[in-house]
Amino acid sequence: MKNIVLIGMPGVGKSTIGVILAKEIGYQFVDSDLLIQKQESRLLKDIISSEGVEGFLSIENQVNASIDVSDSVIATGGSAVYGAEAMAHLKEIGTIVYLKCSFDTLNKRLGDLKGRGVVLKKGQTLKDIFEERRVLYEKYADIIIEENEKGIEETLSLLLDALHTLG
């Protein structure tokens, strides 16, 4: 089976669900944010503050486009969908799952964005990036999992059912 690539806004649980899913199906777990930090030897927020948003997105695109794994669950950063080359590559090597949740749920979960290394252009609000990215997530997704008000177990169960249906 191909890889499973998780996309979605920061705070939807890509890393949390990714680790549990990988254990459940016997896959490796890959966190693309950690790959970026390893390559750059710095934290995401430090990359963003020194390289700027565009610089960070360029690094993220390059790292994601070069992920070379199989039988893995890959959790991407929320801004991965801005990288066209990376998304084309990830779609080629895996099934893309969009973990979707409402703006209100996200807003409650996220709190302070700056400390999370969230990519925000000057003057952008969480609502702005939510609206901007939602279109991209839907464009790239092979599977969309609605996780509003659902716990991890329920989201995982929906995801496993959707993957089995895909074959």
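Student: Is arginine 42 buried, partly exposed or exposed?
Tutor: Arginine 42 is partly exposed, at 23% relative accessibility. Here buried means under 20% relative accessible area, exposed means over 50%, and partly exposed lies in between (1.4 Å probe, protein chains only). Before we go on, this is a predicted model, where local features need pLDDT of at least 70 and side-chain atom pairs count only at pLDDT 80 or more, while totals for chains, interfaces and linings use all residues. Residues are numbered from 1 along each chain as its sequence is written, and side-chain values use heavy atoms, with hydrogens and water left out.

Student: Which side chain does glutamate 40 meet in a salt bridge?
Tutor: That of arginine 42, at 3.0 Å from N to O. A salt bridge here is a side-chain nitrogen of Lys or Arg within 4 Å of a carboxyl oxygen of Asp or Glu.

Student: And what does glutamate 51 pair with?
Tutor: Glutamate 51 forms a salt bridge with arginine 42, and their closest N and O atoms are 3.0 Å apart. Glutamate 51 is partly exposed, with a relative accessible area of 39%.

Student: How many salt bridges are there in the whole structure?
Tutor: Eight. One of them joins lysine 100 to glutamate 138, with the closest N and O atoms 3.1 Å apart. That pair links distant parts of the chain, 38 residues apart: lysine 100 sits in strand S4 (residues 94–100) and glutamate 138 in helix H6 (residues 126–140). Helices (H or I, at least four residues) and strands (E, at least two) are DSSP runs numbered from the N terminus.

Student: Is lysine 100 buried or exposed?
Tutor: Buried, with a relative accessible area of 19%. Glutamate 138 is partly exposed, at 35%.

Student: Which residues do shared partners join into one network?
Tutor: Glu40, Arg42 and Glu51, through their salt bridges.

Student: New topic: at what angle do H2 and H3 cross?
Tutor: The axes of H2 (residues 32–40) and H3 (residues 44–65) cross at roughly 110° and come within 11 Å. Axes are lines fitted to C-alpha atoms, for helices over the stretch in contact, and angles run from 0 to 180 degrees between N-to-C directions. H2 and H3 are therefore roughly perpendicular, a label that covers 65 to 115 degrees.

Conventions: Angles under 35 degrees count as roughly parallel, over 145 as roughly antiparallel, 65 to 115 as roughly perpendicular and the rest as oblique.
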